[in-house]
Amino acid sequence: MNRLDHKIPPPVIAILSLLLAWILARSAPGFECLFAARLPIAVVFVIAGLVLDVSALVVFRRANTTPNPLSPERSTSIVLGGPFRFTRNPMYLGLALMLIGFCVYLGNPMSLIALVVFVAYITRFQIMPEEHALLAKFAEPYAHYMRSVRRWL
């Protein structure tokens, strides 16, 4: 286990990634790609991310298991319904969609570096340790789920 595993809440990582996207966009003004539809497109991505996050939380609540990403060992069941049918990590995917929306709004492709950093960090320090904890707790049923449903999309 790494000292960064499950230490920083994913929403904090998302906020830091938003800040990084903004800094990257402002530091490379020559790459700006401003277009009229960027605001509505950004809004669609943000709303899609919010819907995905909320639907995942609702499914967790209905399953009476913890949505707390910092303590996956407290999970009481493997959640298979709702958005968990097509992604093992709908809440992280929702955060990524919101970050994409912000990057689109910024109108600078350089800001997408923050998305890469977000996905890499969440995968390494959040998702992979969660998978290890859930495999230890649920064994083959979770291994089957991992084989059946992709990590992101």
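Predicted model: local features only at pLDDT ≥ 70, side-chain atom pairs only at ≥ 80, totals over all residues.
A polar contact is a pair of N or O atoms within 3.5 Å; within protein, one must be able to donate a hydrogen and the other to accept it.

| Side chain | Backbone atom reached | Distance |
|---|---|---|
| Asparagine 108 | oxygen of alanine 28 | 2.7 Å |
| Asparagine 108 | nitrogen of methionine 110 | 2.9 Å |

Asparagine 108 sits in the loop between α3 and α4. Its relative accessible area is 2%, so asparagine 108 is buried. Leaving out residues up to four places away in sequence, asparagine 108 touches Leu24, Ala25, Ala28, Pro29, Phe31, Glu32 and Cys103.

Next, the cores. The largest nonpolar core holds 23 residues. Ala21, Leu99, Phe118, Ile122 and Trp152 have the most contacts inside it. Helices α1 (10-27), α3 (90-106) and α4 each supply at least two residues of this core. Helix α3 gives the most, with nine residues.

Phenylalanine 118 is in contact with Pro10, Ile13, Ala14, Ser17, Tyr92, Leu95, Ala96, Leu99 and Trp152, setting aside neighbours within four places in sequence. A second, separate core has eleven residues, including Val59, Phe84, Tyr142 and Val149.

Last, a helix pair. Helix α4 spans residues 112-138 and helix α5 spans residues 140-148. Their axes come within 6 Å and cross at roughly 135 degrees. That angle makes α4 oblique to α5. From α4, Glu131, Leu134, Leu135 and Phe138 take part in the contact. From α5, Glu140, Pro141, Tyr142, Ala143 and Met146 meet them. The residues of this contact divide into seven nonpolar, two charged and no polar.

How values were computed
Residues numbered from 1 in each chain as written. Heavy atoms only, no water. Axes fitted to C-alpha atoms, helices over the stretch in contact; angles between N-to-C directions. Helix = DSSP H or I, 4+ residues; strand = E, 2+ residues; numbered from the N terminus. Parallel < 35°, antiparallel > 145°, perpendicular 65-115°, else oblique. Contact = heavy atoms within 4.5 Å. Nonpolar A, V, L, I, M, F, W, Y, C, P; charged D, E, K, R; others polar. Core = buried A, V, L, I, M, F, W, Y, C linked by side-chain atoms within 4.5 Å. Buried < 20%, exposed > 50% of the residue type's maximum accessible area, 1.4 Å probe, protein only.
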